[in-house]
Every structure is written in structure tokens, then in C-alpha cells.
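Please open the structure in your viewer and keep the selection tool at hand.

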Amino acid sequence: MGAALALGERGRGRTAPNPNVGCVIINDGRVVGRGWTQPGGRPHAEAMALAAAGAKSRGATCYTTLEPCAHESPRGPACADLLVAAGIARVVVALRDPDPRTDGTGLARLAAAGIATQTDIRAADAARAIAGFLTRQRHRRPHVTLKLATSLDGCIALADGTSRWITGPDARAHAHLERSRHDAILVGRGTWEADSPALDVRLPGLEERSPLRVILSASRPHPSGALRLPRSPGGRGQVPAGAAGGKGEDNIWLTSPAAISTLPADHLLVEGGAQTAAAFLRANLVDRLILYRAPILIGGGTPALGDIGLTDLAAAHGRWRLHDARQLGSDRVEVYEAA
């Protein structure tokens with residue numbers, strides 16, 4: 001299952017509206033097929049793994065990070081049916097699919113065909129891996145990660161706004177890796193106008209994974225009603241007509257944090273500035289927090305956050321739990337999840 005989870009990570013940020021699933025097929029103690037959900041959501045992980053395994057699928061065990069789909073789709077057959085037809089003997093599932101079109105039906109179909117099933121294997125890890133899909137299913141919005149890069153005293157820039165660079169090259173490379181794992185990246189209009197950030201991925205070999213770029217602006221930015229954003233290298237710089245705030249090639253802007261529900265994305269990375277970060281926290285829309293801290297003191301600089309609406313200090317406690325922490329060169333990164 002660990003191998004399947006690792007494969008699923010390859011598709012993170014590229015498979016919406018489908019989950020980024022990973023799959024491994026084992027026969028006679030050997031891996032005979034590997035798969036992960038491909039960009040755009042097809043083929044599914046199980047279909048890819050079965051195609052690789054071929055006839056070796058018969059009598060094999062399939063490990064998959066999400067219950068095989070059971071619903072009909074014009075884009076391809078149901079994975080539960082493919083597993084039955086391939087003669088798989090056993091299916092081990094990390095997490096049951098909450099999509100009402102499958103939810104338990106996939107497992108039932110496998111059992112009815114005489115296939116042994118086992119569930120809840122590393123379920124917590126699987127839920128973390130496909131958090132975007134699960135958040136969309138449960139809350140009808142993307143899973144939101146807020147990124148902050150600060151000094152030890154909580155500043156993101158000097159008093160005059162100078163912010164390059166707070167952190168060192170290792171931390172910045174890690175931040176670009178995080179960008180590659182998200183469908184969309186968002187900054188506030190003030191940050192866009194002051195810094196003109198590229199908001200792309202600048203890691204060798206991952207440039208094509210630059211996310212959809214979004215600007216948060218409470219008012220229309222200019223008479224045409226849209227900000228002009230250069231297209232991302234991966235061609236993901238266009239929002240369909242249903243997106244809130246505006247439509248048009250390379251025009252991506254939202255008028256409130258709540259409007260993220262209209263984005264064609266399941267994983268959203270919010271990069272600032274301070275007022276935008278505060279707005280998402282006030283709206284209780286942050287699911288994950290990445291905090292990069294550089295071993296520097298600024299004093300009198302720009303604080304990382306604006307007012308988040310906190311009126312009682314006791315209410316600030318117990319809202320975040322530490323998931324990961326590590327050293328990146330001279331900097332420290334901590335990852336927190338909403339409790």
C-alpha cells in the first residue's frame with residue numbers, strides 16, 4: 001500500500017475532478033502492474049495497472065488507495081468491472097470512496113464476483129494523499145493550503161515591503177515543489193501588483209506542472225472586469241465560463257475566498273499577502289498550513305497576518321496539529337493540519 005500511495009502522489013494536482021489514486025498489482029510475490037491516475041483524470045490508476053499486468057492479473061492481488069469506481073462513465077469503464085474481468089483474486093483498499101455513485105458499490109461488486117476484499121489499510125495516509133478530492137466531495141470546494149514564509153519574529157517583509165529573500169534556496173525549492181502539487185495558486189491583488197510574482201514552478205523537469213493562477217480582488221481590477229495574467233507553461237491559465245468573478249483567456253480572479261468553490265481545482269495553494277491569508281483564516285477555509293521560518297529577525301517589518309477575527313485567546317488553541325517538521329538548509333519548515 002505504501003508503494004501505491006507513492007504512485008498516487010505523482011498525479012496530485014493534475015487529476016481533478018478525479019482523485020489522484022495509486023495502484024499496485026502483485027502476483028506470486030512480484031509486482032506485475034503499477035498505475036496512477038493520469039492528468040485530467042483518465043485513465044484511472046487501476047486501469048493503467050491492469051494494462052501493464054496483462055494476463056498476469058489473473059489470480060493476483062490489487063492494492064489501491066481508493067475503492068475502485070463502480071459508476072458508468074463515457075470516459076471509460078468502471079474499475080470494479082475491469083478488476084472482475086481481469087480475474088483479480090483479491091483487492092486491498094486503503095479508503096472507501098465517498099462519491100455517492102460508488103460509495104460501497106465498488107466493494108460490493110467485487111465481493112459478488114467472489115473477489116476477496118480488505119479495507120482501511122493506511123486509510124489516514126490515503127485521506128491525506130487525496131485530500132483535495134475528499135474536501136470537494138464533503139465541502140464542495142478545494143482543499144486549501146496556506147503558505148507563509150517568515151522571519152523568527154513573524155515578519156514577511158521589511159517595513160518598506162522588501163521581501164526577497166526571507167528564506168534560503170532550499171526552502172524556496174521546497175515551496176516550488178509544493179506549487180507543483182497543487183491545481184491552483186492564489187495571491188491577493190496587492191501582492192500581484194506590488195511584486196508581479198510569476199506563480200509558476202521553476203524546478204527542472206517540473207515546469208509543466210505550474211498551477212492555475214488566481215488573483216483575489218474585492219473589486220473589479222479595471223474596466224474590462226479582469227486581470228490579465230500570462231499563461232502558465234503548462235497551459236493551465238484559463239478558467240471556464242462557470243468560474244466566479246470573470247471569464248476569458250488568461251483572466252483568473254475571484255472576489256471573495258468563498259468563490260474558490262467555482263475553481264476547476266481540488267488543491268489550492270494560497271501564497272499571500274498578509275490580508276489575503278487573514279481573509280482565508282477568518283473564513284475558516286484553511287485546511288493545511290505550511291510555515292517556513294528563516295533564522296533572522298526583522299523587527300518593525302510587515303507582519304505575516306492581518307486581523308483574523310480572533311476575540312478570545314483561548315479560541316486560538318487546539319485549532320492546529322503538527323504533521324511534519326524538518327530542516328531545509330538554514331531554514332525550518334513546519335506543516336500543520338486543521339484539527
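Which residues make a nonpolar surface patch of about 320 Å²? In this predicted model, select Leu-305, Ile-308, Leu-310 and Leu-313, which form that patch. Leu-313 sits in the loop between β15 (302-303) and β16 (320-328). With a relative accessible area of 63%, Leu-313 counts as exposed, because the term applies over 50%.

Next, select helix α9, residues 274-282. This helix is mostly covered, with seven of its nine residues buried. The buried residues are Ala-274, Thr-276, Ala-277, Ala-278, Ala-279, Phe-280 and Leu-281.

Continue just past α9 to Asn-284, whose phi is positive, about 55°. Asn-284 belongs to the loop between α9 and β14 (288-293). Is Asn-284 buried or exposed? Asn-284 is exposed, its relative accessible area being 54%.

Asp-28 is exposed, with a relative accessible area of 75%.

The last stops concern peptide bonds, most of which are trans. Select Ala-16 and Pro-17: the bond from Ala-16 to Pro-17 is cis, with omega near 10°. Pro-17 is located in the loop between α1 (2-9) and β1 (22-27). Then select Arg-42 and Pro-43, where the peptide bond is cis with omega near -5°. Pro-43 is placed in the loop between β2 (30-36) and α2 (45-53).

Note on methods. Residues numbered from 1 in each chain as written. Predicted model: local features only at pLDDT ≥ 70, side-chain atom pairs only at ≥ 80, totals over all residues. Heavy atoms only, no water. Patch = residues over 30% accessible without salt bridge, like charges linked within 9 Å, V, L, I, M, F, W, Y side chains within 5 Å. Areas by Shrake-Rupley, 256 points an atom, 1.4 Å probe, with all protein chains shown as cover. Salt bridge = Lys/Arg side-chain N within 4 Å of Asp/Glu carboxyl O. Helix = DSSP H or I, 4+ residues; strand = E, 2+ residues; numbered from the N terminus. Buried < 20%, exposed > 50% of the residue type's maximum accessible area, 1.4 Å probe, protein only.
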